[in-house]
Amino acid sequence: MGRFHRHDGTESGHTHAHADGSEHSHWHPGEGGHTHSEQLGDHSGYQTGGDRIDVLERIFDENDNAAAGNRSRLDDAGVVAVNLMSSPGAGKTTVLARTLQELAETVRVGVVEGDIETAIDADRLRPFAAQISLLNTGDGFGGECHLDAPMVARALDALDLAALDLLMIENVGNLVCPAEFEVGAHRRAMVFAVTEGEDKPLKYPVMFRSVETVLVNKTDLLPHLDFDIELFERNLRAINPRARTFYVSAKSGDGFDDWLQWLRGDVLAPARSNTAAASTSRR
């Protein structure tokens, strides 16, 4: 059957083949779109095209319902969740480790760690996180390339949410699939490394369009690269003019103050205010 995904953006659909012969079908809903057959890609090459669309609609509906359930559980516990995404090797785990260290004294941070195999990253983060729940996706079809809402629901079962303020969901390293599946997080951010090239927003628009914050990582390497910051910014703005960028080095800590301020101010502060207001209204 291949893998099927949906994209946020302009309504359209297509199917394309990969070098290994597998097919990869996409649907693109408009703003606030839902799963309709015309948005699930071109299945005209399959005799079972209509049946396939019905299956996909059920899959996506089930995922969205689970995501809503996850968000409700988090809201009830007063926890804010951030879905952190990136390509493999962008430095997502290093960014997260430094973030946990910086916030440890003032914020109770839990982690849902997603990887296809191994506990390497979870073990690396364990000393800094208040709690951690590992999700290995290797039992999926060749190893699922993303986290989905039912997976995250299982991870939440392993956490004491009442003892957390912030939940960081480290998604599987991939610039396509993680952006297409809601997991119940309140905010979306991604880590992008300057070693990846200025063209990535144009090549992977779904990911860059889906996030509100981009951490441009590995800036300590800029003196050794031909990376054009202005060109990257133009490409990013063409895809997502509202995205906020933080230029950081997870290795040195440069630029981290702005990122941490975003987490404390834009992410946590409103949630705490809402929780306090809700608590007062129940009295």
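Helix H7 spans residues 229-239, and its buried residues are Phe232, Glu233, Asn235, Leu236 and Ile239. These five lie on the same side of H7, because they cover an arc of only 165° around the axis. An α-helix has 3.6 residues a turn, so residues three or four places apart point the same way. This is a predicted model.

What sits on the opposite face of H7? The face turned away from the buried side carries the exposed residues Glu230, Arg234 and Ala238. The buried residues, in turn, have cover from several elements. Among the strands covering them are E8 (187-193), E9 (213-217) and E10 (244-247). Helix H5 (200-203) and helix H6 (205-210) also take part in the cover.

The start of H7 has a contact of its own. There, a side-chain oxygen of aspartate 228 reaches to within 3.1 Å of the backbone nitrogen of glutamate 230. Glutamate 230 is also one of the exposed residues on the face turned away from the buried side.

Strand E5 covers residues 109-115. How many of its residues are buried? Seven of its seven residues are, so the strand counts as mostly covered, with buried meaning under 20% relative accessible area. Val109, Val111, Glu113 and Asp115 point one way. Gly110, Val112 and Gly114 point the other way. Both sets are buried.

E5 pairs with two strands named here. With strand E7 (residues 166-170), E5 pairs in the parallel sense over five bridges. Glycine 110 has leucine 167 as its bridge partner in E7. Strand E6 (residues 131-136) also runs parallel to E5, and six bridges join them. In E6, isoleucine 132 is the bridge partner of valine 111.

How does the chain get from E5 to E6? Helix H3 (residues 120-125) belongs to this stretch: E5, H3 and E6 make a right-handed β-α-β unit.

## Two loop residues with positive phi

Threonine 118 is found in the loop between E5 and H3. This residue is not a glycine, yet its phi is positive, at about 75°. Is threonine 118 buried, exposed or partly exposed? Its relative accessible area is 40%, which means that threonine 118 is partly exposed.

Lysine 218 also has a positive phi without being a glycine; the value is near 65°. Lysine 218 is found in the loop between E9 and H7. E9 is among the elements that cover the buried residues of H7. With a relative accessible area of 23%, lysine 218 is partly exposed.

## Cysteines

How many disulfides are there? The count comes to zero. Cysteine 145 is buried, with a relative accessible area of 12%. Cysteine 177 is buried as well, and its relative accessible area is 2%.

## The chain as a whole

The chain holds eight helices and 10 strands. It has 283 residues, and 50% of them count as buried.

Contacts can also be sorted by separation along the sequence. Of the contacts with a separation of 6 or more, 66% are between residues 24 or more positions apart.

Notes
Residues are numbered from 1 along each chain as its sequence is written. This is a predicted model: local features need pLDDT of at least 70, side-chain atom pairs count only at pLDDT 80 or more; totals for chains, interfaces and linings use all residues. Side-chain values use heavy atoms; hydrogens and water are left out. Buried means under 20% relative accessible area, exposed over 50%, partly exposed in between (1.4 Å probe, protein chains only). Helices (H or I, at least four residues) and strands (E, at least two) are DSSP runs, numbered from the N terminus. Two strands pair if DSSP finds at least two bridges between them. A crossover is right-handed if, with the strands pointing away from the viewer, the path from the first strand over the helix to the second runs clockwise. The arc is that of the directions from the helix axis to the C-beta atoms. Contact means heavy atoms within 4.5 Å. A polar contact is a pair of N or O atoms within 3.5 Å; within protein, one must be able to donate a hydrogen and the other to accept it, and residues adjacent in sequence count only if both atoms are side-chain atoms. A disulfide is a pair of cysteine sulfur atoms within 2.5 Å.
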